[in-house]
Amino acid sequence: MVKNSVPVIAVDGPGGSGKGTVTQMLAKKLGWHLLDSGALYRLTALAAVRQHVSLDDEDALVRVAASLDVAFEPTPEGEPAKVILAGEDVTGDIRMETCGNNASRIAVMQPVRDALLQRQRDFQQKPGLVADGRDMGTVVFPDAPVKIFLTASAEERARRRFSQLMAAGVDVSIDAVLEEIRVRDERDMNRSAAPLKPADDAQVIDSTGLSIQEVLDRCMAAAGQT
């Protein structure tokens, strides 16, 4: 999967592990392209809801996925990439918990995953790609020369997500956030289609208790970019 010898750094892991921030910082530091694969599933879920498509209708969801008009735009370091759907900035919309849960629901459907697979691979362009997801190293880019599995305890991830939501003015309890994370982890790790797990040759980095700079340094070292 190393198209035209274009290198890929595949960064997988559960939600809240710091993948979004770290991958954008990695891409910016290296001057490479960025793929937020999770955003594609969230975008499919968001577009489906907006088009009144049932999240149980695989055929209709495949059509939604195949027709997505999406672009990622760089933002200041440490902030999530801006996500544009059909010319509209939907960055905030797709980061809501409801959208994340809907994305996790449709991500178990193999036909939907198949529809989005080639679109993800098309992001592999010179000079290189940093790919953020849950199956980048196991399915989408199995021949990526660098594979990282970034994780953290469920409690740590819940704390981070709770802080983000509070800063955004969303009224939610940390217990509710923790329960959402545990439910999503269970679903993602036990789905039949590309379950969440480290690739056999991935370097596992636990970000619990680490600053984002410390995580970035470890990812850079893993990529041989110290």
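This is a predicted model: local features need pLDDT of at least 70, side-chain atom pairs count only at pLDDT 80 or more; totals for chains, interfaces and linings use all residues.

Author: Start with the open sheet of three strands, in the order β3-β4-β5, where the pairing is antiparallel.

Reader: What makes β3 and β5 the edges?

Author: β3 (70-73) and β5 (88-89) each have a single partner strand, so one side of each is left without a neighbour in the sheet.

Reader: How do you know that β3 and β4 pair?

Author: Two strands pair if DSSP finds at least two bridges between them. β3 and β4 (residues 82-85) have four bridges, in the antiparallel sense. Val70 stands opposite Leu85 in β4.

Reader: What packs on this sheet?

Author: α2 does, touching β3, β4 and β5. The direction of α2 makes about 40° with that of β4.

Reader: Which residues of β3 are on the covered face, and which on the uncovered one?

Author: Val70 and Phe72 are on the covered face. Ala71 and Glu73 are on the uncovered face. In a regular strand the side chains alternate between the two faces of the sheet.

Reader: What is the order of the sheet of five strands?

Author: The order is β2-β6-β1-β7-β8, an open sheet with parallel pairing. β2 and β8 (203-206) stand at the edges, each with a single partner strand, so one side of each is left without a neighbour in the sheet. From one strand to the next, the twist averages 20°.

Reader: How do you know that β2 and β6 pair?

Author: The requirement is at least two bridges. β2 and β6 (residues 129-133) have four, in the parallel sense. Leu34 has Val130 in β6 as its bridge partner.

Reader: Which helix lies across β7 and β8?

Author: α10 (residues 212-222) does, running at about 155° to β7 (146-151).

Reader: Which residues of α6 are buried, and why do you say they line one face?

Author: Val112, Arg113, Leu116, Leu117, Gln120 and Arg121 are buried, with under 20% relative accessible area as the cut-off. Seen down the axis of α6, the buried residues fall within an arc of 145°, so they line one face of the helix. An α-helix has 3.6 residues a turn, so residues three or four places apart point the same way. What covers the buried residues of α6 includes β2 (33-36), α2 (37-50) and α3 (58-66).

Reader: What about the span of α8?

Author: α8 (residues 154-167) has 14 residues and reaches 20 Å, close to the 20 Å expected at 1.5 Å a residue. Buried residues of α8 include Ala154, Arg157 and Leu165. The buried residues of α8 pack against α5 (97-106) and α9 (174-190). Just after α8, Gly169 takes a positive phi of about 85°.

Reader: Which residues touch the most other members of the largest nonpolar core?

Author: Leu35, Leu43, Leu61, Val83, Ile94 and Phe141, out of 39 residues. α2 gives the most to this core, with eight residues. Another core lies apart from it, of 20 residues, among them Met25, Ile148, Cys219 and Ala223.

Reader: What makes Ile94 and Val83 a contact?

Author: Contact means heavy atoms within 4.5 Å. Leaving aside neighbours within four places in sequence, Ile94 is in contact with Ala39, Arg42, Leu43, Leu46, Val83 and Cys99.

Key
Residues are numbered from 1 along each chain as its sequence is written. Side-chain values use heavy atoms; hydrogens and water are left out. Helices (H or I, at least four residues) and strands (E, at least two) are DSSP runs, numbered from the N terminus. The expected span of a helix is 1.5 Å times one less than its number of residues. Buried means under 20% relative accessible area, exposed over 50%, partly exposed in between (1.4 Å probe, protein chains only). The arc is that of the directions from the helix axis to the C-beta atoms. A nonpolar core is a set of buried Ala, Val, Leu, Ile, Met, Phe, Trp, Tyr and Cys residues joined through side-chain atoms within 4.5 Å. Axes are lines fitted to C-alpha atoms, for helices over the stretch in contact, and angles run from 0 to 180 degrees between N-to-C directions.
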